[in-house]
Amino acid sequence: MKAKIAALLVLAALPSVAQSMPAWSASVVARITLGNALFGLVAGYLFWRYGLEAAIAAHVSAHVVAFGVRG
């Protein structure tokens with residue numbers, strides 16, 4: 001059940017990314033899905049080991065870094 005929910009959350013991120021990318025391909029979708037899945041593992045570990053605050057801090061940090069890279 002958890003894997004299904006995780007897959008839905010990964011797919012839910014695709015429309016927001018679609019707005020910022022002019023062209024789509026299977027490799028773009030795979031890269032987005034893989035990146036979100038890997039970060040999900042990191043955030044899950046942080047949540048398990050250190051609590052919700054650590055996972056939220058990692059999520060916010062990822063957005064700050066992404067904004068800095070993409071502008």
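User: What does leucine 46 touch, leaving out residues up to four places away in sequence?
Analyst: Leucine 46 touches Gly51, Ala54, Ala55 and Ala58. Keep in mind that this is a predicted model.

User: Which helix holds leucine 46?
Analyst: Leucine 46 sits in helix H3.

User: Buried or exposed, that leucine 46?
Analyst: Buried. The relative accessible area of leucine 46 is 19%, and the cut-off for buried is under 20%.

User: How far is leucine 46 from alanine 12?
Analyst: The C-alpha atoms are 22 Å apart. In sequence, leucine 46 and alanine 12 are 34 residues apart.

User: Which residues of H3 are buried?
Analyst: Val28, Ile32, Ala43 and Leu46.

User: And what covers them?
Analyst: The cover over the buried residues of H3 includes H2 and H4.

User: How many residues does H3 have, and how far does it reach?
Analyst: H3 has 25 residues. From first C-alpha to last it reaches 35 Å, close to the 36 Å expected at 1.5 Å a residue.

User: What happens just after H3?
Analyst: Glycine 51 comes there, with a positive phi of about 110 degrees. Glycine 51 is also one of the residues that leucine 46 touches.

User: Switching to rings. How many aromatic pairs are there?
Analyst: The count is 1 aromatic pair. The partners are tyrosine 45 and tryptophan 48, with ring centres 5.8 Å apart. Their planes meet at 50 degrees, so the pair is tilted.

User: Why does 50 degrees make it tilted?
Analyst: Because planes under 30 degrees apart count as stacked and over 60 as edge-to-face, with the rest tilted. The 50 degrees of tyrosine 45 and tryptophan 48 falls in that remaining range.

User: Where do tyrosine 45 and tryptophan 48 sit in H3 relative to each other?
Analyst: They are 3 residues apart in H3, residues 26-50, which means about one helical turn between them. An α-helix has 3.6 residues a turn, so residues three or four places apart point the same way.

User: How exposed are tyrosine 45 and tryptophan 48?
Analyst: Tyrosine 45 is partly exposed, at 41% relative accessible area. Tryptophan 48 counts as exposed, at 65%.

User: What's the lining like by class?
Analyst: The largest pocket is lined by 19 nonpolar, 8 polar and 2 charged residues.

User: Now alanine 57. Where is it?
Analyst: Alanine 57 is in helix H4. It is partly exposed, with a relative accessible area of 42%.

User: How far is alanine 57 from alanine 43?
Analyst: Their C-alpha atoms are separated by 9.3 Å. Along the chain, alanine 57 and alanine 43 are 14 residues apart.

User: Zooming out. How many helices and strands are there in the protein?
Analyst: The protein has 4 helices and 0 strands. Along the sequence the pattern reads α-α-α-α.

User: What does the C-alpha trace span, and what share of residues is buried?
Analyst: The C-alpha trace spans about 40 × 35 × 15 Å along its principal axes. Of the 71 residues, 13% count as buried.

Definitions and conventions. Residues are numbered from 1 along each chain as its sequence is written. This is a predicted model: local features need pLDDT of at least 70, side-chain atom pairs count only at pLDDT 80 or more; totals for chains, interfaces and linings use all residues. Side-chain values use heavy atoms; hydrogens and water are left out. Rings of Phe, Tyr and Trp (its six-membered ring) pair if their centres lie within 6.5 Å; planes under 30 degrees apart count as stacked, over 60 as edge-to-face and the rest as tilted. Helices (H or I, at least four residues) and strands (E, at least two) are DSSP runs, numbered from the N terminus. Buried means under 20% relative accessible area, exposed over 50%, partly exposed in between (1.4 Å probe, protein chains only). Ala, Val, Leu, Ile, Met, Phe, Trp, Tyr, Cys and Pro count as nonpolar, Asp, Glu, Lys and Arg as charged, and the others, Gly among them, as polar. The expected span of a helix is 1.5 Å times one less than its number of residues. Contact means heavy atoms within 4.5 Å.
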